[in-house]
Amino acid sequence: MSNLIRSVVTGVGAYLPEDVVTNADLAKVVDTTDEWIVERTGIRQRHRIASGHGVSDLATEAARRALAAAGRTPADVDLIIVGTTTPDLTFPAVATMVQRKLGCPIGIAFDVQAVCSGFVYALSTADGFVARNRSKCALVIGAEAMTRLMDWTDRGTCVLFGDGAGAVVVEPREGQGTTDDRGLLGFALRADGTKQDLLYVDGGVSTTGEVGKLRMQGNQVFRHAVVNISEAVVAAAADAGVALSDVDWFIPHQANQRILQGVAHRLGIDEAKVISTVALHANTSAASIPLALNQGIADGRIKPGQLILMEAMGGGLTWGACVLRL
Ligand code: UT7
């Protein structure tokens, strides 16, 4: 095995806005109940971004915490990639706003639009810079204000989503080329544009000229999620050269507790190895995986050196998975 550069996660941080919206709060707005939401989704509450704040504010705070965890400062950062589908403005990219707010030097900054798969796409994209020595210190962020896309008269969607941000610092480290190396060991990314109608926003710059609202055929998306995610998980593990039984923690995109269970059941994964934050955060799209990663580290379950498999599916449809040794 030859030496090679790995993209190693050296710090993790997250930020949730203060305002908490419970299922009971939503039952006052739409025809729903706490019982229905908990039984069908596992969600008990979600956080909502404050008025006057933009997604770049959430992303910047998560990034600040990730840099502190890595022992780095904004001056070190030469690459920022933000996975988001709810930018402050149509342009510029949220990543350039984070760069400005943190005071990072001139470098590379752009957003990745892959909806709920945004973090998996963004981390895999960062690997193309870091592992080729094009970046010495990258910030990869998932940040969303999904509540701003809700139709508050549609009980089938408005109870499902929340706001937040998670970030990781990624740095190059020399590895041995084995699965014992720290860093991103493999990934699998997928998209199928023929399934657009299952999950989309009904507005946009070049069509309606308005932001639009999120529309979803929930049960169809659910069906595709379990099958697609399972395939990507197996493909990412094969790409990394690891067996699923070697994985210490599965960190799924947090859309619905029943999807988490469905994927675990299909792949024979012990549910005790699945990090779940859906009850407290709901579906925060691209932010959900780094938020769950941060939670698992903060509560002491996830430890340095452990093998982690992250997976997601979202609008596009897009989906994917990646394998990381922390
Ligand atoms: O982030 C990635 C993308 N998103 C997802 O992965 C989400 C995937 N989908 C889901 O999580 C689930 O499909 C939902 C939670 C959205 C819905 O659960 P379901 O078991 O698939 O229910 P359903 O859509 O088949 O609806 C069943 C019933 C319907 O009533 P009828 O037509 O049977 O009388 C809905 O109107 O539940 C009703 N319903 C509700 N009832 C109370 C839908 N939303 C609600 C609600 N409260 N909030």
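**Aromatic pairs**

I searched the whole structure, a predicted model, for aromatic pairs and found 1. For Phe, Tyr and Trp (its six-membered ring), a pair needs ring centres within 6.5 Å; planes under 30 degrees apart count as stacked, over 60 as edge-to-face and the rest as tilted. The rings are those of Phe110 and Phe129, with centres 6.1 Å apart and planes at 45°, so I logged the pair as tilted. Phe110 belongs to strand 5 (residues 108–112) and Phe129 to helix 5 (residues 118–130), so the pair ties together parts 19 residues apart in sequence. Helices (H or I, at least four residues) and strands (E, at least two) are DSSP runs, numbered from the N terminus.

I then looked up the accessibility of both rings' residues. Phe110 is partly exposed, at a relative accessible area of 25%, and Phe129 is partly exposed at 22%. Buried means under 20% relative accessible area, exposed over 50%, and partly exposed in between (1.4 Å probe, protein chains only).

**Conventions**

I noted that local features need pLDDT of at least 70 and side-chain atom pairs count only at pLDDT 80 or more, while totals for chains, interfaces and linings use all residues. Residues are numbered from 1 along each chain as its sequence is written, and side-chain values use heavy atoms, with hydrogens and water left out.

**Strand 6**

I went through strand 6 (residues 138–145) and found 8 of its 8 residues buried. Ala138, Val140, Gly142 and Glu144 point one way, and Leu139, Ile141, Ala143 and Ala145 the other.

Next I checked its partners; two strands pair if DSSP finds at least two bridges between them. Strand 4 (residues 79–83) runs parallel to strand 6 and is joined to it by 5 bridges, with Ile81 opposite Val140. Strand 7 (residues 163–175) pairs with strand 6 in the antiparallel sense over 8 bridges, and there Ile141 stands opposite Ala167.

**His253**

I located His253 in the loop between strand 11 (249–252) and helix 8 (257–267). His253 counts as buried because its relative accessibility is 6%.

I listed its polar contacts (N or O atoms within 3.5 Å; within protein, one must be able to donate a hydrogen and the other to accept it, and residues adjacent in sequence count only if both atoms are side-chain atoms). The side chain of His253 makes one with the side chain of Ser288, at 2.7 Å. A polar atom of the His253 side chain also lies 3.5 Å from the backbone oxygen of Ser285.

Leaving aside neighbours within four places in sequence, I found His253 in contact (heavy atoms within 4.5 Å) with residues including Cys116, Leu260, Asn283, Glu311 and Met313.
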